[in-house]
Amino acid sequence: MAAGRALAALLAALLAASAQLLPRQVGTAVIAQPKLLERFPEQRAKTEELLRHALRSCPLAGLNQASFTISLHKADNTTVTIKLKPGLPPSCRIRMKNVIMSELKIKPGENVTFAFTCSTPEKYFITEIRKNIDCVSGPCPFGDVHLYPLGLPRLNRTYIWDVKASTKAGLELKFSTSWLRQIKPGETCPDSVSYNINSCIDKAMVNIGTFCRNGSVSRIKLLGGVVMSLHLPWHLPLTTSGFNIANRASIKRLSIIESILNGESSITLMSPNYPLGFPEDELMTWQFVIPPNMRASVFFHNYSLSNCERKEERVEYYIPGSPSNPEVFKLSDSQPANIAGSFNMSLQGCDQDAQNPGILRLLFQVVVQHPQVDENVTHLVDLSKEKNVTVTIHSEGWPSHIPLMSEPICLICKDPRTCDRVLTLTSGAVYKISFLCKDLSRLRITAEKGIGCMDIRWCQRKIYSLSVPKAITRLPIRLHTFIWKLLATDMINIEITSPSLKLQQRVQEQRCNTSYGYSIVSATPETELNVGIFCPGGSIEKIQMRNNITISLNTFGKGFINGSVPQDLNMSFVPHIKDECIFTVSPNPKAKVYLQTPNWPHGLPPYVSISWFIVVPSKQTARLGFSEDRMGVACETGRAYVNIKEETLGAEEIVRREDELLPQPRNMLHSFWVNVSNCRPVDKTQLALQFWVTSADKQIDLGIILAVVAGAGVLTVIGLAVCCVKKKKKKTQNPMVGVYNSNVNTQMPGRKGLFGKERKNNESHVYAVIDDAVVYGHLLKESNGSVSPEVDVYRPFDGPIGSLPPSPPPFSFRKDIKRSSNTEEEPLPLTDTDQDTYTFAHQKSGQSENNGDANKKDKGDTSVPLLENKERDGLVE
C-alpha cells in the first residue's frame, strides 16, 4: 500500500512538472493527484504504461506540447513552409508523430499535425505561405485577398502571392483606406508590417518598392505578372491582407503608382529597383491627386544617370492648365513647384551602352501645402554692379542639416513655377524672387565674394570696402554668413582696417555684444592660421597678414537683417611683411584690452612670429601684463621668445625665453611692441599666450616740473659752453674733443623728445661742433711724443631708420641675446639717436695719459671719445 502511494505521488509530480512546461496554446492536459490515484487504483497501471510510452517516444521538454493541424485544399494551390531563422542554432525542433525535424513543408492537399519541442518557437522559426495564381490559362480570383490558411502557429509570417498574367493585360493592386508609404531599402516599418511588390515581365523581375502601412499610395498598376509579399510579425493577429486584385487594360509602361495627398503633407518615392538601376528603356508614371485648394512641389534629392546610346533620359509632367503638356525636364533641372491641382510625372529611360550601362535611379519628394498669402510679393535683388559675388538663400542648418520630410517646407522662387529649398544667385544680374514659406525666420542667406591681386602696381593704392551689399541687407531674411576670399601672390600681403568702429578680439574675458563678428583665417602655403573672431567697437585699428585671407562675417542674433547695422571694415593690398601677422592697437583710456595669439587655444604653429604694436599717446601711459606666468611650451628645436620694446630713445628690449618667467605687469610710457615667436615644440602642445593692456592719463607732479626746469638749466649751460669754445678755438693748440655726456637729461618726462622730426628726418646723428684739430689731430703730434691728442672722425648717418617691431635674432643665434634678468634692468648704452646730447671741453696737456684710469674709476667720465665708447660696448645694429 505504501509503495502504491509513493508511485502515485511520483506520477503526480511528473505530470505537474510537465504541465508547467505547456505553452499558452495547450487546450487539454491531464494532471494527476495522489488522492485521485488512490480512489481509482484500477487506473494506476494504465497511467504508468502511458507515462512509460511518452518517455520513450519524446524528450521530457516536449511532453504534452501544443499541437497544430494545417489542412491545405488542393484547389487553393498554396504551400506552407515552416523553417528555422537563418543563422540560429537548432535549439528548437518540429515534432511530427515520432519524427524530429528542423523544417516542415506542407503541400496543397495535405493535412498535417505537428508540435514544437520548445515553449517559444517564435524565437527560432518563421512561416512562409506561398500562393500561385494563374491568370493566363484561367480566370483570376479578383477581389479581396484573404490570409489563408487559418490556425497557423504564432510565428513571423510572410505571405507571397505569385500572380502570372499576360503583358497584354494589366493588374491593379488596390489598397485599403490606410494606404501605403514607400521606404528606402534597409528601412523598417514602425509596426513591422511591410509590403514588397515586384513586377514580372518575360521572366524578368523588377522591384517596384517596399511599403509600410499608413501612407498615400492608394493603387499600383502593373504590366504583366506580379509577386506581392506581406510580412507580419508573430505577435500581430492580423486577419486581412489589406488589398485586392483587379484586372485592367494594358498600361503600356512598367507601372503606375497613384498617390492621394490630403492636406499639407510630404511624401518620398523612388524609382523601381532603387538604389539599383532603372530598367533599360522603360517608362514609369506617378499619378498625384492634389486637393484643388492646395499647391504641390517636386524636389529631386538623389539621382544618377546611365550612359545612353539612343534617346535621352528625361522627366515629363502633365500639369493642368499648362500650355505645353507634356513639360519635359532633365533630371538635373529644378523641377516644377507651386503646382495647382492633380498632375502626373513620368520617368523615361534610354537605350544604354552595353559595355558601360551606368545606373539610372531617382529618389524624389513631393510637398503639398496651402497657397502662401505673400507668394505674389516679389523682392528685387540687384547684383548687376557686383563682381565675383554668389548669394545662396536656404533653410536654417543647410547644408549640414537636411530638413525632415515631415517638417514644414520653405521654398524660394525665381518665378511662380521655379522654386526650391535652396536658391543661388550670381553677380551681374537682377533677380525677382518670392517666398513660399509661413515663417521667414527659418530662412538664411550665405554669400561669398572674391577679391584678388596679382600685381601690386595695380592694386596697392586701392581700398576695398568689406561691407554687405544693400541688395542683400534689404531682404526680409537673416544674413547668416558673408565670406570675403582675399587672394594675393607670395610677395603681396593684406591690410585690414576699421577706421571708425575699430575691432575687438573676442576672448573669454571680453565677449562681443554686437549682432555680428568677423572670423579671420590666414592660409599661407605652409601655415593655416585662425587669427580669431573680432567684433566692431574695440581698440584694434589695423591687422596686417600674409597672403590668402578668408574673412567671414557671422551673425550672432536677429539684428542683422537690414541696412541699419553699421559696418566699417576696409581692406587693401600692401607689400610683403616679415611677421605672419601684425596688429596695431590703440587702447581706449580706462579700458582693459585683452589680446591673445592666433589659433587659440590650440596654439601657434611652429616657427610662427606674431607682433602687436600698442599705440600710447604722449599724454597717456599704458600698463602691460600677461595672463600666465610662463609660455607653457617646451621646445624640441629652436627657442620660443617674447620680446617687448618701447619705441623711444635708448629703450631696452626685454626678452624672455620659454623656460623663463614672463615679465610682471609694468608701465609703458611710450608706444611699444610685443613680439611672440614660436619654436618647434616637443609635444602637441603649442604656444598659446594671452596678455592685457590698460591705458590712463599721465599724472604730472612737482618732481616732473622740477626735472623739466633742471633740464632747461643744463641746456642753457651747454649753450654758453659752446659759445665759449667757439671764441677760444683759435687761441689754443690743444684739440677740442666732442664727447657724449650721459649725465645730462635733455628730455622732458612724458614727451617724446626735443626733436619733433623722426630720426631719419632730422640731424640728431650729426655732431653739432667738430674741430679740425679733432679730425687732423694726428698731424699735431710732436716729434718727442709729448702730445697725444685724442682723435675722432665725422661719421654721417647713412643707414635706414624706421618704426619697425623688435625682431628676435635667428633661432640658431639667440643664445647670444643680451636680455634683462628682472623688470628693473639697467638700460643699455644709448646709440646715436635723435635725442643724443653732447658737451664739449678743452683737453689740457698731460691729461691724455690718465684717461684710462679715470674711466675705470668713474663710469660717468665725459673724457672718453664717443667712437671708442661704442666699440667698447659692442653696440652693433
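Let's start at Y516: this tyrosine has a relative accessible area of 2%, so Y516 is buried (buried means under 20% relative accessible area, exposed over 50%, partly exposed in between, with a 1.4 Å probe and protein chains only). Y518 is buried too, with a relative accessible area of 2%.

A word on the source: this is a predicted model, in which local features need pLDDT of at least 70 and side-chain atom pairs count only at pLDDT 80 or more, while totals for chains, interfaces and linings use all residues. Residues are numbered from 1 along each chain as its sequence is written, and side-chain values use heavy atoms, with hydrogens and water left out.

**Aromatic rings**

Rings of Phe, Tyr and Trp (its six-membered ring) pair if their centres lie within 6.5 Å; planes under 30 degrees apart count as stacked, over 60 as edge-to-face and the rest as tilted. By this rule the model has 23 aromatic pairs. One of them joins Y516 and Y518: the ring centres are 5.6 Å apart and the planes stand at 90°, so this pair is edge-to-face. F626 and F691 make a tilted pair, with 5.9 Å between centres and 50° between planes. F626 belongs to strand β47 (residues 620–626) and F691 to strand β54 (residues 690–697), so the pair ties together parts 65 residues apart in sequence. Strands here are DSSP runs (E, at least two residues), numbered from the N terminus. Both F626 and F691 are buried. Elsewhere, ring pairs link W286, F288, F300, Y317, F329, F343 and F364 into a cluster.

Charges meet rings as well (NZ of Lys or CZ of Arg within 6 Å of the ring centre and within 35 degrees of the ring normal). The charged end of K592 sits over the ring of W692, 4.5 Å from its centre.

**Disulfides**

The structure holds nine disulfides, each a pair of cysteine sulfur atoms within 2.5 Å. Among them are these:

| Disulfide | S to S distance |
|---|---|
| C189–C212 | 1.8 Å |
| C410–C437 | 1.7 Å |
| C453–C459 | 1.6 Å |

What is the handedness of the disulfide of C189 and C212? The torsion about its S-S bond is about -85°, so the disulfide is left-handed. This pair links distant parts of the chain, 23 residues apart: C189 is in the loop between β11 (180–183) and β12 (194–201), and C212 is in strand β13 (residues 204–213). C189 and C212 are both buried. Buried, too, are C410 and C437, as well as C453 and C459.

Methods: Helices (H or I, at least four residues) and strands (E, at least two) are DSSP runs, numbered from the N terminus.
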